[in-house]
Amino acid sequence: MPPDLLSLRKREIPQCLPAHVFSPIFPLLTPHPALLEEFLRPLGYSVTQIPYPVVPKGEERIRVVLHSRNTEEELDEFVMRLLQWVRMMQHAQEEKQESQVRFRAML
């Protein structure tokens, strides 16, 4: 995935916790948290956008919550939906760039 659209934060575990401890809550960093939440919520995913100024600029994200009843198939589906959103965003960015090039050529 292009890190400018979607990325995971490096996992840091406090030294007081065992290295095998995992949280079911994790952030997906994106400069477009509202758009990603808008895409995922209607599909039934429990996500919450955390935009600037709640977090520092460049740290915008959505919070994803998993639980022990999630199946591997559900996780695969979630990853597929994330990839689908990234492809849609890339396509929109490409169209915007092409439109700007056409506009400049008309000047």
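Among contacts in the protein between residues at least 6 apart in sequence, what percentage join residues at least 24 apart? In this predicted model, the share is 59%, a contact being defined by heavy atoms within 4.5 Å. The model is treated such that local features need pLDDT of at least 70 and side-chain atom pairs count only at pLDDT 80 or more, whereas totals for chains, interfaces and linings use all residues. Residues are numbered from 1 along each chain as its sequence is written, and side-chain values use heavy atoms, with hydrogens and water left out.

The protein contains 2 helices and 4 strands, arranged along the sequence as β-β-α-β-β-α; these elements are DSSP runs numbered from the N terminus, with helices (H or I) of at least four residues and strands (E) of at least two. Of its 107 residues, 22% count as buried, that is, under 20% relative accessible area, with a 1.4 Å probe and protein chains only.

T30 lies in the loop between β2 (25-29) and α1 (33-40), and T30 counts as buried because its relative accessibility is 3%. Its side chain reaches the backbone nitrogen of H32 at 3.1 Å. When residues up to four places away in sequence are not counted, T30 touches L5, L6, L36, E60, R61 and W85. T30 and Q49, which are 19 residues apart in sequence, have a C-alpha to C-alpha separation of 9.6 Å.

The second largest pocket has a volume of about 190 Å³, where a pocket is an open set of points on a 1 Å grid over the protein atoms alone, at which a 1.4 Å probe fits, with protein on both sides within 12 Å along at least five of seven lines, and where the volume is the space filled by probe spheres set on the points, joined across faces, edges and corners. Its lining, made up of residues with an atom within 4 Å of a point, comprises 13 residues, of which G44, Y45, L66, N70 and E74 lie nearest the pocket centre. The elements giving two or more residues to this lining are β4 (61-65) and α2 (72-106), and α2 gives the most, with 4 residues. By residue class, the lining of the second largest pocket divides into 7 nonpolar, 4 polar and 2 charged residues, with Ala, Val, Leu, Ile, Met, Phe, Trp, Tyr, Cys and Pro counted as nonpolar, Asp, Glu, Lys and Arg as charged, and the others, Gly among them, as polar.

Definitions and conventions
Buried means under 20% relative accessible area, exposed over 50%, partly exposed in between (1.4 Å probe, protein chains only). A polar contact is a pair of N or O atoms within 3.5 Å; within protein, one must be able to donate a hydrogen and the other to accept it, and residues adjacent in sequence count only if both atoms are side-chain atoms.
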